[in-house]
Amino acid sequence: MSTQPTTWTLRSVPELSSTNETLLEQAALGAADNSWLRADRQTAGRGRRGRAWESPVGNLLLSGLVRARPGEGMLAQLSFVAALAVREALGQWVPIARLRLKWPNDVLIDGAKVCGILLETRTRPQELPWVVVGIGINLAYHPVGLERPAISLKVISGDAPDADTVARAVIAAFDTWRRRWREDGFAPIRAAWLASASGLGSRIEARLTGRTLSGQFLDLAEDGALVLRLDSGVVETLHAADVFEGISHAAGD
Ligand code: BT5
């Protein structure tokens with residue numbers, strides 16, 4: 001792996017509807033690879049499937065643009081690259097063993113969500129693919145009363161680190177992992193992700209549109225899909241789902 005860092009730029013603004021939305025618009029107008037955008041707060045931060053992401057002042061709300069090079073594909077794998085980068089960067093403030101990765105795109109501290117990642121694109125035909133990597137990290141604030149618990153760095157260290165400082169640490173780590181992905185492919189990313197995975201080997205519930213599956217979280221497939229062994233013994237490979245951990249065995253199991 002080469003050690004030379006690539007050039008990136010970071011622009012910070014007080015408020016946006018969504019850093020992903022603005023960077024998607026800028027990407028369509030030709031913004032450069034490795035442009036990063038941070039807002040102090042978002043008025044319409046978003047998660048997957050149109051869900052809202054709570055984005056008050058004091059948290060990190062960051063998006064970065066990745067443009068594929070000729071021959072480079074599978075940009076969706078960058079969600080795992082981003083999760084590894086966030087874990088590594090947050091290791092400056094949280095004991096690294098307490099940081100785990102949850103399929104497909106969350107970073108957890110002690111099982112509670114500290115970071116969500118959202119990849120979006122509007123690549124047009126005939127254009128080299130590009131993707132916006134959106135990263136929300138709870139530094140000073142976390143929502144309470146959600147179906148799945150959330151946490152912030154402030155809970156862990158008593159103080160919230162500065163968003164700009166964390167942004168730079170995340171971007172630098174992303175740059176290193178991205179280069180590794182570009183040079184060596186998904187295999188080292190998959191291995192590192194599996195080594196830090198939450199719930200691997202345990203019983204989980206995967207909610208898909210229209211159906212819910214439960215079984216054992218067996219593996220991360222070579223393309224990043226979740227491999228689940230159902231109670232019937234059938235093995236399913238899932239590309240999109242909401243995963244719930246800590247699911248007890250159904251009666252009769
Ligand atoms: C995500 O979606 O986890 C992706 C979140 C990505 C946010 C970043 S911030 C910068 C960039 N600009 C954007 O507009 N978005 C990106 P998902 O897995 O669908 O999780 C969303 C769910 O997490 C919500 O439905 C809530 O239940 C919960 N949630 C909302 N805000 C949260 C927060 N601050 N911390 C933890 N959980 C939260």
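Ala, Val, Leu, Ile, Met, Phe, Trp, Tyr, Cys and Pro count here as nonpolar, Asp, Glu, Lys and Arg as charged, and the others, Gly among them, as polar. All views show a predicted model.

**View 1. The shell around the ligand.** The ligand is surrounded by 26 residues. The closest are S18, R46, R51, K113 and N138. Sorted by class, the shell holds nine nonpolar, eleven polar and six charged residues.

**View 2. Polar atoms facing the ligand.** The side chain of S18 has an N or O atom 2.8 Å from an oxygen atom of the ligand. R46 takes part through its backbone: an N or O atom there lies 2.8 Å from a nitrogen atom of the ligand. In R51, a polar side-chain atom is 2.9 Å from an oxygen atom of the ligand. On its own, the ligand has 800 Å² of accessible area, and the protein covers 92% of that.

View 3. The ligand takes up the space of the largest pocket. Four elements each supply at least two residues of the shell: α1 (19-28), β3 (60-67), β6 (112-120) and β7 (130-137). Strand β6 gives the largest share, four residues.

View 4. S63 sits in strand β3. Is S63 buried or exposed? Its relative accessibility is 0%, so S63 counts as buried; the cut-off for buried is under 20%. The side chains of S63 and T19 are joined by a polar contact of 2.7 Å.

Definitions and conventions
Residues numbered from 1 in each chain as written. Predicted model: local features only at pLDDT ≥ 70, side-chain atom pairs only at ≥ 80, totals over all residues. Heavy atoms only, no water. Near = heavy atom within 4 Å. Polar contact = N/O pair within 3.5 Å; in protein donor to acceptor, adjacent residues only side chain to side chain. Areas by Shrake-Rupley, 256 points an atom, 1.4 Å probe, with all protein chains shown as cover. 1 Å grid on protein atoms, 1.4 Å probe; cavity = no way out; pocket = protein on both sides within 12 Å on 5 of 7 lines; lining within 4 Å. Sits in = over half its atoms within 2 Å of the grid points. Buried < 20%, exposed > 50% of the residue type's maximum accessible area, 1.4 Å probe, protein only.
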